[in-house]
Amino acid sequence: MPNKEKKFLTVAPFQCAWRNDLKFKEAGRGCVAFEAFACNDVTLVFRENVGSQHYHYKRDTSPHYTVILGSHNNRRLKIEVDGKTVVDVQGIGLCSSSTFKSYWISIYDGLIRIGKGRYPFQNVVFEWLDSNPNCSVQYVGLSSWDKHVGYRNVNVLPFNQNHILMWKQVGCDQFEQDDEEGNQESEENHKLYENWGLENFLESWELSDMVFVVGTEERLIPAHKVILQAAGDFFSDSSDEKVVQLQSVTYPILHALLQYVYSGCTLISESQLSPLWALSSQFKLVPLMKQCDETMERFKLNKKLFDSGKNVELLYPSSLHHGCTSFPFGLPINIQRLEQLYTVDKYTDLNVYIDGHGLLTRAHKVILSLWSATFAKMFTNGMSESNSSQIYFRDVSSGSFKAMLEFMYTGELKLEDNMQFGSLLLELLFLADQFGVEFLHQECCKILLECLSEGWNSSIRRSYNGFFVLYPSLMDDEDYKFAEDSVCPILQAVSSMPSCRVIGELCERKFAKHFDYCTTASLDFVLLDEPAFSNIIRHPDLAVTCEERILNAILMWGMKANEFCEWEMVDQLLRDSNTELLFKERLHPVSMLLGFVRFPLLPYDLLKKLEESCLIRCIPAIDDLVSEAIACMDAPLAKPENGQNVRFQHRRSSFKELQYICDGDSNGVFYFVGTSSGDHPWVNPVLSKRIIITASSPTSRYTDPKALVSRTYLGTSFAGPRMEDEHISAWWMVDLGEDHQLMCNYYTLRQDGSTAFIRFWNFQGSLDGNNWTDLRVHKDDQTICKPGQFASWPIIGPNTLLPFRYFRAILTGPTMDVSNPWCFCICYLELYGFFH
């Protein structure tokens, strides 16, 4: 039976621990990162379903993978498929019996990769490809062989391109070489507080606020009221006593009780069980009472249990629900009672003041010290805070600091249900980094990584124990844009945190992939520091509709623009100023970054305008680049061959512009796809399965998806009504396919032969087909007023620069047809914009 001992999960010999949260989001694809402590056989099982309580991989007849680190007495690495050994190699990925070691194992369509270290996808030590992959494995089991194995910090990570890139770019060695002396000191501090926990305060005078007077010798034993009262009922509500007399109790009995409270475990002889039960009963320490009862009953049934004279171990049966290794989990602490003591200011010894806010709250020094080594040093190392009941903070948000304190008392993030959760999350991340609250830091990072990753959808709600279920407004239609809108603020926040380098790199990639939107929706990007902005401009995944946008963005960033402008405006400013005044300390970075603009891809007329501009005279770098581009256009044969000069190559993630000309033209997405990008005669793209169209009602004679892009007029074509979320609606939806996206800036509809003219509808885009962003909202739109009529509308605003895979037109109100007001009657649809 697996047990969680102290701060890690212990799996007994021939057992396997399963948790519902240890599950790949996508079957056959995922990564598990963990720390393990064992003499041999650190064993992980990957299977389609959760195993039973007494599961063991040797008896499993269902399809599964088994990875064994340190097989054959810690000499070999083994991989088994359905119980058959397929890999058996010597001396790779071995275990450690002296300390916890970090490992990760990833599976991607049968490719199993094993690595060591804290960072997944880094430091690969072995990989093997299954020629007949099992793409159904999803659950992860933590198992063992003939000896106990300890696991901790077990996390399952999604396996998509974002995570591969962001983890691959993390280099631990860089930090180790920056400052050897500083790192040596940091390592010493880390070792000092590596196993920091409540056990460090057991019978310690540090931060104690009461004492027990034990035995006839009146021995003084210090303790902490908030800890004891959260575990049992040591003090009456009206009592504020600081001394508890226990003359009839011996020291070993009290020591065992306190050790159980502070560490979750104690050793005691059989003869001491009864007095320990009596003392735990006096203080209503229920978990210890039950364990004493159960142990004494076992002794009565089997006298041989205590013949050997060995001590009995009483171990708190901690729950695996949280999977957390930090206080107060794994200890006999009632979290609700602890939170109540904080709420009513019971036994507090610290007043927390925030500059500009005054008294924020009252807290307990020992609780803050348990979570944060910084606070522990502050309160115990003779600093001014050690002898004071007051602490003052400047440049700290009152809301985020209170949220951090609430996390320390509950172990859960409790963000208010409002639209400020993004900024609060960043502030919490900063505080967690500043004060070294590691678990809070991990939780903030996990949420941010998920928000920034592709696939920001409803599955994320299940990733954090209902976090987004508690706060449904965080998943509104418009909140898809959280990732893009928050990239720059996140980059600014994490730039000073080496521990958040992964998040910074993912933000840079997100910015690069949505460059048009991120440089148009707001001016936040001009506040980015040089390394971050430079990384974006250089990024291999940079996607842009035209190179002129990159030129404009570099110039705006260089002069820290307070309003949007194009290069012509900058050119005009230079006529009345100079580059030193305009760009100041960013002049050199601007000159360097302009070299990454692919000027040969700009229109010839634009290049000729640049040739006559002040920019050419003031910034020599532009002069050379523009001259090179014009020369190549004037003499095409002089153009370098492919691969010789990247400036002449289209970006691999570039978009094809499909511009609206007139209703029913041949410039739209569906016509472009139907002609295989213009290379072949047109074929209905639905019939060729290049796109998928669905409707709110089942396919029928008059609800025909292929008819919507057939370019043929139909007298009757409609999507019927259906009930969704207790609301009636009707819609047509387009799926461009997993390899294509569109930044839509125009769309066309055509009414069928009926008079069911639409008046209220939304045109929307989505990345996953579940969460929708409104691109244009129509309210009482009178445009369509006769059968067979074409009508087209532009998409305006920053949303035109967001790429989507799915699009739909959905009725939000009845049509003009009285008899069937919820039939969406159109026979033609076409989309325009930048297609990828």
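Me: Let me check the definition first: rings of Phe, Tyr and Trp pair if their centres lie within 6.5 Å. On that basis, how many aromatic pairs does the structure hold?

Reply: The structure, which is a predicted model, holds 32 aromatic pairs. One of them joins F37 and F100, a tilted pair with 5.5 Å from centre to centre and 40 degrees between the planes.

Me: Which parts of the chain does that pair link?

Reply: Distant ones: F37 belongs to strand β4 (residues 29–38), while F100 lies in the loop between β8 (84–90) and β9 (101–108), 63 residues apart.

Me: Could you show me a pair with another geometry? Why is the pair of F672 and F835 called edge-to-face?

Reply: Look at the angle, since planes over 60 degrees apart count as edge-to-face. The planes of F672 and F835 stand at 80 degrees, with the ring centres 6.0 Å apart, so this pair is edge-to-face. The pair, too, links distant parts of the chain: F672 sits in helix α27 (residues 669–674) and F835 in strand β33 (residues 824–835), 163 residues apart. Both F672 and F835 are buried.

Me: Which residues do ring pairs link into a cluster?

Reply: The cluster is made of Y747, W761, F763, W793, F804 and F807, joined through ring pairs.

Me: Let's turn to pockets. What is the general idea?

Reply: Rolling a probe the size of a water molecule over the atoms shows where empty space is left. Here, the second largest pocket has a volume of about 480 Å³.

Me: How many residues line the second largest pocket, and which lie nearest its centre?

Reply: Its lining has 16 residues, and those nearest the centre are E724, D725, W772, R808 and I810. Strands β26 (727–729) and β32 (806–811) each give at least two residues to the lining. Sorted by class, the lining comes to five nonpolar, seven polar and four charged residues.

Me: What about backbone angles? What should I expect of phi?

Reply: Most residues other than glycine have a negative phi. D82 has a positive phi, near 55 degrees, and lies in the loop between β7 (76–81) and β8. With a relative accessible area of 41%, D82 is partly exposed. D395 also has a positive phi near 55 degrees, and its place is the loop between β21 (390–393) and α12 (398–410). At 80% relative accessible area, D395 is exposed.

Me: How do I compare separation along the chain with separation in space? How far apart are Q434 and T374, for instance?

Reply: Count positions, then check the C-alpha distance. Q434 and T374 are 60 residues apart along the chain, yet their C-alpha atoms are 8.4 Å apart. Q434 is in helix α13 (residues 421–435) and is partly exposed at 40% relative accessibility. E218, in the loop between β14 (210–214) and β15 (219–223), is 29 residues from Q247, with 6.8 Å between the C-alpha atoms. Leaving out residues up to four places away in sequence, E218 touches V213 and Q247. For T773 and N762, eleven residues apart, the C-alpha distance is 9.7 Å. T773 is in strand β30 (residues 773–778) and is buried, at 0% relative accessible area.

Me: And the chain as a whole? How many helices and strands are there, and how much of the chain is buried?

Reply: There are 27 helices and 33 strands. Of the 836 residues, 53% are buried. Among contacts with a separation of 6 or more, 68% join residues 24 or more positions apart.

Technical notes: Residues numbered from 1 in each chain as written. Predicted model: local features only at pLDDT ≥ 70, side-chain atom pairs only at ≥ 80, totals over all residues. Heavy atoms only, no water. Phe/Tyr/Trp six-rings, centres within 6.5 Å; stacked < 30°, edge-to-face > 60°. Helix = DSSP H or I, 4+ residues; strand = E, 2+ residues; numbered from the N terminus. Buried < 20%, exposed > 50% of the residue type's maximum accessible area, 1.4 Å probe, protein only. 1 Å grid on protein atoms, 1.4 Å probe; cavity = no way out; pocket = protein on both sides within 12 Å on 5 of 7 lines; lining within 4 Å. Points joined across faces, edges and corners; volume = space filled by probe spheres on them. Nonpolar A, V, L, I, M, F, W, Y, C, P; charged D, E, K, R; others polar. Contact = heavy atoms within 4.5 Å.
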